[in-house]
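Please open the structure in your viewer and keep the selection tool at hand.

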Amino acid sequence: MSDQEKANTQTSRAPISQRGHLVKMPTNGTAIGALVTISIDGLEVKVPLGTTILEAAKQIGVKIPTLCYHEDLCIAGVCRICVVEVEGQRTLQAACAYPITSPLKIRTHTRKVRQARRRILDLLLSKHYGECYSCFRNGNCELQSLAADLGVDFFRFGHPDKPTSETDNSSYSVQRDMNKCILCRRCVRTCIDLQEVGVLEAVHRGDKTRISTFMDKPLAEVVCINCGQCINRCPTAALGAADPTDDVWRDIINPAKHVVIQTAPAPRAAIGECFGLAPGTPLTFEMNSALRAIGFDKVFDTNFTADLTIIEEGTELILRLHKALVEKQPVALPQFTSCSPGWVKYIEHFYPEMLPHMSSAKSPQQMFGSVIKTYYAKLHNLDPADIVTVALMPCSAKKFECNRPEMASSGYKDVDYGLVTRELAQMFKEAGIELPKMPKSDFDDPFGTATGSGVIFGATGGVMEAALRTVIELVSGLKVENLYDHANILPVRGFDGVRYVELTIPKVGPVPDLLKTNKHLPFDSWDWLAGATLKIAVAHGTANAKKVLEDIKAGGKLSECHFIEFMACPGGCLGGGGMPIPTSPAIRAARAKAIYAEDAAYEVRKSHENPAVIRLYNEFLTDGPNGHTAHHLLHTTYTPRGKYIA
Amino acid sequence: MNANRKGLVTFSTIDPDAALRAAVAKTRTEMIAEVTASKLKGRGGAGFPTGVKWNLAAAAKGDAKYVICNADEGEPGTFKDRVILSEVPDLVFAGMTIGGIAIGSAKGIVYLRGEYAYLRAQLEEALARRRAAGLLGPQILSKSVGFDIEIRMGSGAYVCGEETALIESLEGQRGEPRNRPPFPVDTGLGGQPTIVNNVETFACVAAIFAKGAAWFASIGTEKSTGPKLFSVSGDCANPGVYEFPMGITVAELLREVGGEDAKAVQIGGASGRCVPASEFARTISYEDISTGGSVMVFGPQRDMLAVAKNFMEFFVEESCGQCTPCREGNAKLLEGIEMLEEGRCSARYLDELLTLGEVMQNASKCGLGQSSPNAFLSIVSHFQDELMGRTHGPAR
Amino acid sequence: MLVTEQQRLKDDIGRWVQRYGAQRSALIPVLQEIQAKYSQVSEYAMQEAADHLGIHPVEVYSVVTFYAFLAEAYQGKFVIRLCRTISCDMAGKTRVARQLENDLGITFGQTTKDGKFTLEWANCIGMCDQGPALLVNDHVFTSVTSEKVHDILELCRKSFGPLAVHDNRHEEARQ
């Protein structure tokens with residue numbers, strides 16, 4: 001059982017029926033009775049009791065088609081595409097939902113099975129409006145490939161010739177076209193069970209059943225956090241992201257516009273998947289060339305502002321700690337990270353009373369936008385009104401974030417467009433660019449120099465690891481490499497939903513110059529931190545975030561934390577709602593591996609050592625981290641939204 | 001056993017208190033053995049052996065166990081549970097109490113369909129009487145076993161008669177059937193071992209403990225023991241609830257109710273099958289035509305396509321909508337019936353619909369979808385020439 | 001909605017949640033109480049119930065739309081549910097239906113302007129031997145003819161007894 005499955009069965013709010021089988025997996029695989037031998041299409045396989053027919057078939061390479069089944073989600077057993085014949089059973093059984101508890105004889109492609117699968121698919125197609133060639137999932141649609149596999153060559157039960165509902169385009173991030181919905185309910189299980197956000201559910205019944213929001217409101221008016229996890233798990237094009245590529249193209253070809261793009265780390269580790277490469281094939285430098293080829297004026301690395309975020313957020317943490325420990329003032333601790341816009345909207349909706357815990361630091365995307373339209377504009381003598389900032393992100397929520405009204409501290413819209421991995425891949429394809437074959441090139445200066453600490457922002461635990469590298473060095477004056485092999489702070493890595501780590505500050509050194517540029521720094525030595533133990537935690541997926549917040553509210557162990565990293569998406573940014581489809585635990589693990597490999601390849605691996613960051617403070621943010629200018633440009637405020645919908 | 005007439009015969013002569021006293025004098029194992037010996041099978045229609053079900057639940061491990069009485073009598077043409085609950089509710093409660101003691105459960109729930117809300121007050125009164133008399137509560141008949149019963153109301157959903165949908169509904173969910181296995185006897189209400197039995201089944205249990213398993217098994221046929229209640233409606237002289245031994249032929253039944261000139265009988269409600277006059281010699285029993293007790297009589301003048309349409313309209317609306325074959329399939333069958341009505345259904349497409357019906361029987365998630373095409377399929381197979389080539393549409 | 005009425009609804013829901021328990025399994029009983037007293041489960045009521053039970057409003061909406069006896073839109077004081085299943089159909093429900101529509105001036109699925117009557121179809125209500133049958137709220141009428149429709153409606157109009165609101169005797173008995 002994967003961690004995710006375990007988490008599902010332990011904490012699930014889903015109906016028991018959907019939580020997967022409750023048959024206990026044997027801990028000792030060799031114990032008598034723990035294994036059972038079954039036969040699938042005449043092939044024998046020994047599996048632990050409780051294994052589903054689908055899992056058993058996978059083990060021996062028998063492919064059973066599925067639609068509603070998804071590795072990340074609890075079992076539904078509703079589409080019935082995976083039905084198989086089990087000897088002795090009158091009816092066909094759903095392979096995804098049938099736990100093996102006795103020696104079964106299973107046949108996966110008898111006449112009865114094929115007849116059923118084909119009719120079921122025909123029924124789905126009779127309600128699925130749209131033509132494949134006018135669909136953004138063309139070539140990457142599970143319904144389409146199933147139709148190909150089963151040899152659908154006509155519509156046995158008809159095919160709709162007009163839409164029955166309008167697409168919901170209200171959200172900056174997620175769009176819903178229910179004409180394409182096949183009611184597999186993956187989005188429901190994602191939203192309610194995996195993410196515990198609770199925007200989508202099945203409503204009505206019988207042939208009137210459909211997926212909807214509370215009172216059928218548009219997505220923009222409900223508690224959607226824009227994480228886009230539903231998009232990644234939708235088998236068809238019923239869910240998609242709001243696509244700004246037309247606007248981006250328009251600005252690119254406009255000679256009056258200076259179009260710059262910043263690229264986040266996660267998309268680089270995944271965009272290759274859109275070109276047929278295996279997950280976890282980084283194409284960072286090929287992508288730089290391709291971006292210039294399609295007409296971007298400058299290509300920058302979001303890692304630069306990731307490093308900036310670490311400095312700002314880290315300084316804020318130190319100031320909060322000082323206030324609590326030395327000044328004995330009431331201050332909200334633990335401090336929460338604020339770089340995941342899905343997480344930001346989650347806490348605004350569901351825990352508005354805990355917003356004081358949020359770091360006021362903007363996300364790297366937004367910091368970049370305001371730096372470009374101020375510092376960079378000045379540096380290159382450009383009118384900010386003529387600069388278009390595009391952000392390549394793994395994340396559908398970034399589209400909403402850049403449209404927040406408060407995100408205009410440069411005097412202009414800081415980031416004009418949030419573009420996601422899938423959309424950029426589409427732009428490359430449209431331009432005839434074969435990304436994997438592009439020559440490699442570097443990022444543009446002055447924001448090209450990044451550190452590995454910025455790169456690992458893409459994985460869950462990455463922000464925390466980056467922050468720790470910096471905080472430990474700044475406070476102790478010791479090289480973090482001497483404390484941790486290759487500066488890899490392994491305890492914060494991994495995919496466990498909530499991870500808790502304690503670190504004792506070994507010794508204190510002098511307060512570094514970078515911090516001293518802030519004239520209002522309330523201390524001039526680290527003595528007050530000597531021997532302190534830093535308690536930190538990491539959570540990814542909002543269901544886990546909820547656990548952490550509830551624990552804090554209840555005064556549990558996590559309430560003693562000083563700093564907690566939250567990411568809205570399972571796996572962090574590399575599992576973001578703008579990443580290539582499909583997603584699975586294995587795919588996310590491969591992407592994480594690529595990200596950590598990239599980090600290891602950097603020479604400078606700590607944010608505070610990034611020369612471009614130091615230069616920015618020296619030249620522009622002259623009153624230092626958390627100083628007045630930094631506050632104006634790099635920090636933000638939050639809106640207590642609440643979960644009530646007026 | 002000579003009960004071929006309207007009204008409750010066997011059940012009205014049973015003393016529920018005597019049944020409960022006889023039951024508590026036995027060990028739990030003996031109680032289940034008694035039920036098993038009676039060869040009682042579920043009276044809701046599926047016909048699962050009650051003794052086996054109880055034995056599984058008794059053996060299953062759980063923090064708590066539940067006894068649920070399925071009083072969500074929604075099958076079209078079925079109303080015998082209403083009559084049992086209004087006339088002899090104590091039999092049902094005694095049967096539930098026996099079930100509770102036998103499997104080691106302290107909590108019973110009657111899931112009463114919303115349409116029967118008018119029965120609730122008198123059922124609550126009956127429960128209060130039983131508590132006062134020490135037949136329910138922490139110490140039943142002064143023994144150290146406790147059991148109590150709560151009534152929960154349905155809210156208008158036929159599918160909640162399916163046992164796992166019923167459990168979902170009790171848990172505050174949409175009434176969507178679960179994947180099985182695991183079965184409720186192992187993983188039922190709140191994930192705990194649960195038995196779900198029909199109202200009539202619990203009444204039978206009381207009868208078995210009052211008169212003995214041997215008496216019960218002596219009625220009916222080898223595989224279908226005991227008396228059975230039938231809800232008779234439609235084109236007959238005397239509709240109502242009848243009690244007959246299992247194994248009665250359709251013809252005999254029709255004679256008793258005054259429906260001899262019927263051209264067809266729908267047995268088992270909308271999810272049952274349509275039996276044409278040529279097959280009236282068949283028997284109603286688990287080995288031949290199995291039923292929860294609904295018998296709808298169609299006279300010679302009835303349009304069988306209209307009958308099929310009424311059933312399909314019912315299923316289109318009452319399908320829970322989660323699985324593809326049932327949600328979409330029923331709508332397609334209804335559409336096909338409308339095509340037949342208007343005389344524009346080709347023989348080839350009708351054939352497609354028959355195959356679709358088979359697929360629904362084979363591949364639907366629960367009993368509702370698996371049985372919803374039955375009426376259509378049997379009506380088409382017996383009355384095809386009545387259905388094809390119509391020259392005028394339906395009267396609207 | 002008036003503030004006072006919203007407060008009343010809020011208090012009621014709080015009370016019902018206390019009675020049935022603050023867990024998901026209490027959802028349907030709580031919704032049934034809301035429906036009975038307020039003739040609908042309003043948007044506000046759904047959010048309030050969701051909040052009390054620690055679930056999402058959309059889950060409540062999902063449940064309300066699933067069950068025929070729960071309605072998000074206002075239903076009349078008297079909800080008339082005429083059985084349309086085959087036995088009642090053969091017994092002549094069509095003419096009863098027509099007469100109900102004529103006398104109330106609405107079609108099935110609608111509520112009269114004065115908010116008194118809602119007309120709904122029901123699937124088999126278990127009165128097949130005495131059809132056509134209909135329910136008025138929790139009360140059953142059998143062997144209804146088109147002639148009798150007028151009498152039933154008049155009975156409703158004049159009655160503010162057990163027919164008018166749901167039967168809450170057992171509710172009071174438990175308090």
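How many residues of chain B are in contact with chain C, and how many residues of chain C are in contact with chain B? Select both chains: 42 residues of chain B are in contact with 34 residues of chain C, two residues being in contact if their C-beta atoms, placed from the backbone, lie within 7 Å.

The model is a predicted one, in which local features need pLDDT of at least 70 and side-chain atom pairs count only at pLDDT 80 or more, while totals for chains, interfaces and linings use all residues. Residues are numbered from 1 along each chain as its sequence is written, and chains are lettered from A and ligands numbered from 1 in the order in which they are written.

**Chain B, the side that touches chain C**

Select helix 6 (120–132), strand 4 (148–153), helix 7 (163–170), strand 6 (227–234) and helix 11 (304–318) of chain B; each supplies at least two residues of this side. Helices (H or I, at least four residues) and strands (E, at least two) are DSSP runs, numbered from the N terminus. Helix 11 of chain B gives the largest share, 6 residues. By type, this side of chain B comprises 16 nonpolar, 15 polar and 11 charged residues. Here Ala, Val, Leu, Ile, Met, Phe, Trp, Tyr, Cys and Pro count as nonpolar, Asp, Glu, Lys and Arg as charged, and the others, Gly among them, as polar.

**Chain C, the side that touches chain A**

Next, select chains A and C, where 10 residues of chain C are in contact with 14 residues of chain A. On chain C, helix 3 (43–53) and helix 4 (57–66) each supply at least two residues of this side, and helix 4 provides the largest share, 7 residues. The residues of this side of chain C are 4 nonpolar, 4 polar and 2 charged.

**Strand 10 of chain A**

Finally, select residues 258–263 of chain A, which form strand 10. Are the faces of this strand covered or open? Both are covered: His258(A), Val260(A) and Gln262(A) on one side, and Val259(A), Ile261(A) and Thr263(A) on the other, are all buried (20 or more other C-beta atoms within 10 Å of the residue's own, with C-beta atoms placed from the backbone).

In strand 13, Ile387(A) is the bridge partner of His258(A). Strand 11 (residues 298–301) of chain A also runs parallel to strand 10, joined by 4 bridges, and there Val299(A) is the bridge partner of Ile261(A).

Key
Buried ≥ 20, exposed ≤ 12 C-beta atoms within 10 Å, placed from the backbone. Pairing = 2+ DSSP bridges.
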